[in-house]
Amino acid sequence: MKLTAGGRRLAAAALVQSLGIGLFMASSMAYFTRQVDLSANQVASGLALAGVVALGISLLGGVLADRYGARRVLAAVYLGRGVCCAAYVFVTDFWQFMVVTLCAVACDRAGPPVLQALVAVAVPERQERTRLLAVVNVVRNCGLGVGAMAAGVALASDTQAAYRVTLVAIGLAFLGGAVLVLRVSELTAPTAAEAAPEGTAEGPVKGRVLPDARYLTLTGLNFLLFFFDTMLLVAMPVWILEHTDAPRATVSVLFALNTVLVVVLQIPVSRLATGQRRTTRMLTWTGAVLAVSSLCFAASGSVAGGPAVAWLAAAVVTLSLAEVIANSAVWDLSIALAPEEQRGRYLSVFNLSVAGQRVLGPVMVTGLLLGSGSLGWVVAAGVLVVAGFAAERVARAAGERMRAEVAVHA
């Protein structure tokens with residue numbers, strides 16, 4: 001697809017900063033445990049605690065984007081992440097690690113909704129927004145992989161100097177992303193007063209602290225539909241290693257399969273998000289395809305050898321398909337159902353469903369799903385089907401209400 005100049009800069013910014021993230025993800029644990037002398041438990045608990053605290057802090061990103069503009073705020077978020085990576089060079093104990101990590105995770109959580117808000121004001125056509133976000137997602141996945149491989153240099157050297165050079169390189173990658181973002185042109189968005197109907201002082205959402213009930217409900221249902229992330233990162237490896245007799249190498253092969261499928265399918269599937277009715281229907285598809293994936297995981301636990309690997313491969317293929325369908329639908333709907341004057345705030349609240357899944361999802365998987373064996377997967381399939389259907393109904397009702405409000409105030 002052909003991108004605008006602003007779209008190309010956003011894609012380039014995503015590539016640069018994802019290279020930095022890939023470097024950090026692959027090398028940070030070794031740096032903290034081998035050079036800073038933190039234990040693996042300290043690093044894990046610090047990341048978990050920072051993730052919980054950052055959930056609330058990340059909402060400020062949307063508020064600031066509404067007030068000062070998404071471009072400036074996203075550039076500041078990228079810059080903040082770069083400064084945090086460079087600051088890790090000077091960390092010598094757990095509490096310093098906690099302070100820097102909290103700031104880094106808060107910037108990380110604030111970034112995605114602000115990026116969506118910037119796309120919304122930089123790309124005027126609704127379908128092109130979704131396709132641009134698809135390109136950004138594909139570029140990000142590629143950058144993560146390349147960055148992770150590049151981290152092998154520091155890991156092979158295993159010296160403090162190598163790790164510190166890597167951290168500085170990561171900081172520079174985020175700085176480059178910030179510079180590219182600042183070069184993106186924003187369309188002029190109406191202020192709250194300008195968007196108000198004639199004869200009133202403000203629009204219908206003036207004074208609203210939280211999004212409307214339908215948007216909040218859709219956010220909660222997206223928490224369930226985003227379960228594909230936890231299924232892949234937590235449930236799949238644990239299930240393979242503890243509940244099947246598939247070779248251990250199957251885990252890494254299936255991770256690679258997911259990455260390839262997302263890169264190949266995300267842009268073509270994003271073209272299906274055309275029109276409100278078709279896009280909302282994709283939420284039902286998401287729940288249904290995730291349910292099929294869950295049943296494939298369940299089946300893999302009752303067979304051995306080649307059939308088990310085949311069921312696991314089918315599970316990851318359908319999970320990957322659900323991932324790209326869900327991404328395309330929620331990118332479109334989360335922007336389209338948010339009023340322009342409070343778009344950043346709405347998107348930040350919606351992003352809590354994604355961030356919350358990453359915090360609470362592993363607990364749900366280990367405590368409920370995997371502990372029940374194959375039955376847990378069957379129950380999960382039923383829940384996901386219901387969640388997808390309910391999300392479609394809620395999103396459609398929210399769109400109809402928004403169109404009615406626009407007609408009344410026209």
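This is a short talk on one protein model, going from the whole chain down to single residues.

Before the details, the basis: this is a predicted model, in which local features need pLDDT of at least 70 and side-chain atom pairs count only at pLDDT 80 or more, while totals for chains, interfaces and linings use all residues. Residues are numbered from 1 along each chain as its sequence is written, and side-chain values use heavy atoms, with hydrogens and water left out.

I start with the overall build. The protein has 16 helices and zero strands. Here helices (H or I, at least four residues) and strands (E, at least two) are DSSP runs, numbered from the N terminus. The radius of gyration is 22 Å, close to the 22 Å that the globule rule gives for 410 residues, so the protein is as compact as a globular protein of that length. That radius is taken over C-alpha atoms, and the globule rule is 2.2 Å times the number of residues to the power 0.38. Along its principal axes, the C-alpha trace spans about 65 × 50 × 40 Å.

Next, burial and surface. Of the 410 residues, 51% count as buried; buried means under 20% relative accessible area, exposed means over 50%, and partly exposed is in between, with a 1.4 Å probe and protein chains only. The accessible surface comes to about 17700 Å², and 67% of that surface belongs to carbon and sulfur atoms. Those areas come from the Shrake-Rupley method with a 1.4 Å probe, and for residues only the protein chains shown count as cover.

How do the contacts run along the sequence? Among contacts between residues at least 6 apart in sequence, 84% join residues at least 24 apart. A contact here means heavy atoms within 4.5 Å.

The largest nonpolar core has 89 residues, and Leu283, Phe297 and Trp377 have the most contacts inside it. A nonpolar core is a set of buried Ala, Val, Leu, Ile, Met, Phe, Trp, Tyr and Cys residues joined through side-chain atoms within 4.5 Å. Helix H14, residues 306–336, gives the most to this core, with 13 residues. Apart from this core lies another, of 25 residues, among them Val36, Val89, Met98 and Ile170.

Next is tyrosine 88, which sits in the loop between helix H4 (70–87) and helix H5 (94–122). Is tyrosine 88 buried or exposed? Tyrosine 88 is buried, with a relative accessible area of 3%. Leaving aside neighbours within four places in sequence, tyrosine 88 is in contact with Phe24, Tyr31, Phe32, Phe97, Val100, Thr101, Ala104 and Leu167. Serine 28 is 60 residues from tyrosine 88 in sequence, and their C-alpha atoms are 9.5 Å apart in space.

Alanine 87 is partly exposed, at 25% relative accessible area. Between the C-alpha atoms of alanine 87 and serine 294, which are 207 residues apart along the chain, the separation is 42 Å.

Serine 18 is in helix H1, residues 5–34. With 0% relative accessibility, serine 18 counts as buried. Serine 18 touches Val139, Arg140, Gly143 and Leu144, again not counting residues up to four places away.

Apart from neighbours within four places in sequence, arginine 396 is in contact with Arg277, Thr280 and Arg281.

Finally, two aspartates in loops. Aspartate 37 lies between H1 and helix H2 (40–57), and has a positive phi of about 65° although it is not a glycine. Aspartate 37 is exposed, with a relative accessible area of 64%. Aspartate 158 is in the loop between helix H7 (152–157) and helix H8 (160–182). Phi of aspartate 158 is near 55°, again positive in a residue other than glycine. Aspartate 158 is partly exposed, at 25% relative accessible area.
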